[in-house]
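Hi,

Here is the structure I said I would pass on. Have a look at it first, and then read my notes on what turned up.

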Amino acid sequence: MEEQPNREELERLIRKMMESGQLDPEDLAKIAGFSADPSMLSDLFGQVSEMTGEAGEPVNWKLALDQALELSKKTEKQANSALEAELETAFDMARLWLSEATEFTNPNPPKKLTRSMWAQEAMPLFRELSEPVANSMAAALNENLGNTLPPELSQMLAPAQNFIGNAGASIFAMQLGQAIGKLSSEVLLSGEIGIPLSTRPGIIAQNLGEFLQDLETPKSEVVIYLATRELAISSLYNQAGWLREQIITQVREFAAGLTVDLSGIEEIASRIDPTDPGSMEQIIEASAMVSPRSPEQEQALERIETVLALIEGWVDATSLEATKRLPNIQAVVEIYNRKRATSGASAKTFEALLGLEMRPRLRREATLMWQRVVTDIGKGASDALWSHPDQMPTALEIENPDSLIARIKNGGEDFEDELRKFLTD
């Protein structure tokens, strides 16, 4: 009787696979003592399946978090105490100045963040955003593999089907953990992704200190502007309680349309030899065979891009209005925009998770639209548009603010009643 696969060796194999994104046939053959024995192969994949995630989950989120924390802690340092004290003063000033630009508030005190704290807080949000995609991918692979594999291979790998479907999603989660760890050294603000990580605003002081080092613009003005931006987006989500769930719902709508290219899987299945361990690797590669996006998915991505542009545009416009008394505010805004263009956390996040390439032009147009609303009607009208998803400006209204202003004015007393109700809730 052959020996059962050694669990330590299996753990080494799966970790190696997660890091490289590949399953080495030689490792597989060595561990399994590969003799194409169906029971041996079933035992092997059954144990590996247990290690890819919790029961019923296609992704090992704990392993992803561990990777994110490991990377974030490698370069973590104690923040400058003087800068932390300056941040407290900056948030006090930001709270006062924002009250002149919007009725939205967030009474929660700011949080002092380290890189690892940011990574810890970011993981639940990234999980919410990526889980629908991972689940849809795993379900599509499981269903299509079961329908297309040759009978002899399907029977041999029946206990491994869950692992096969989860492999791509697990690798995706590991890459996600690495991305979060890397982002933790780049982001400045808790809400820089476009969605606050918690109810409290926060800035990573270590990253801010490094960002300020080579700037010629008065550093104190940069600190005040960033504190104002962070408090603005935190206040927006605090007031518009529906906003976060709206984005998550739109991501679910996108993920629901994920399909796997059946012709690609059938082609792979036709080349698999049950006696050849090298051909097993091709099953894992099938996880990359996602069909082109459907028209419904393209529309879902457009809705996500529009709401993110509206959020960032509102924060841009409101923060600029609140900090307009700073002598060098235009230079400060330009510095932040350059950073956003080269290492924007929001753009990186949604491109990695959904393949969404956010257009800076749309965000700039949204900023101008919000400024027009405030100039022509007042800040109350701008705030009231966040009262309900149905009130939100459309993509066409971003391009043509006159149509939005006409809609608001035509709303008349109904719009004012909605505003009063929204701000008193």
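Helix H17 (residues 360-376) packs against helix H20 (residues 401-411) at an angle of about 40°, and their axes are 10 Å apart. Keep in mind that this is a predicted model. Angles under 35 degrees would count as roughly parallel and 65 to 115 as roughly perpendicular, so H17 and H20 are oblique to each other. Their crossing is right-handed.

Who meets whom there? On the H17 side you'll find Met369, Arg372, Val373 and Asp376, and on the H20 side Pro401, Asp402, Leu404, Ile405 and Ile408. Sorted by class, the residues of this contact are six nonpolar and three charged, with no polar ones.

Next, the largest nonpolar core. It has 98 residues, and the ones that touch the most other members are Trp118, Phe350, Leu354 and Trp386. Helix H14 (residues 295-322) gives the most to this core, with twelve residues.

H14 also has a packing partner: helix H10 (residues 219-239) lies against H14 at an angle of about 130°, with the two axes 9 Å apart. That angle makes H10 oblique to H14, and H10 passes H14 in a right-handed crossing. From H10, the contact takes in Tyr225, Thr228, Arg229, Ala232, Ile233, Leu236 and Tyr237, while H14 brings Ile311, Trp314, Val315, Asp316, Ser319 and Ala322.

Cheers

Conventions. Residues are numbered from 1 along each chain as its sequence is written. This is a predicted model: local features need pLDDT of at least 70, side-chain atom pairs count only at pLDDT 80 or more; totals for chains, interfaces and linings use all residues. Side-chain values use heavy atoms; hydrogens and water are left out. Axes are lines fitted to C-alpha atoms, for helices over the stretch in contact, and angles run from 0 to 180 degrees between N-to-C directions. Helices (H or I, at least four residues) and strands (E, at least two) are DSSP runs, numbered from the N terminus. Angles under 35 degrees count as roughly parallel, over 145 as roughly antiparallel, 65 to 115 as roughly perpendicular and the rest as oblique. A crossing is left-handed if the near helix is turned anticlockwise from the far one by less than a right angle, and right-handed if clockwise. Contact means heavy atoms within 4.5 Å. Ala, Val, Leu, Ile, Met, Phe, Trp, Tyr, Cys and Pro count as nonpolar, Asp, Glu, Lys and Arg as charged, and the others, Gly among them, as polar. A nonpolar core is a set of buried Ala, Val, Leu, Ile, Met, Phe, Trp, Tyr and Cys residues joined through side-chain atoms within 4.5 Å. Buried means under 20% relative accessible area, exposed over 50%, partly exposed in between (1.4 Å probe, protein chains only).
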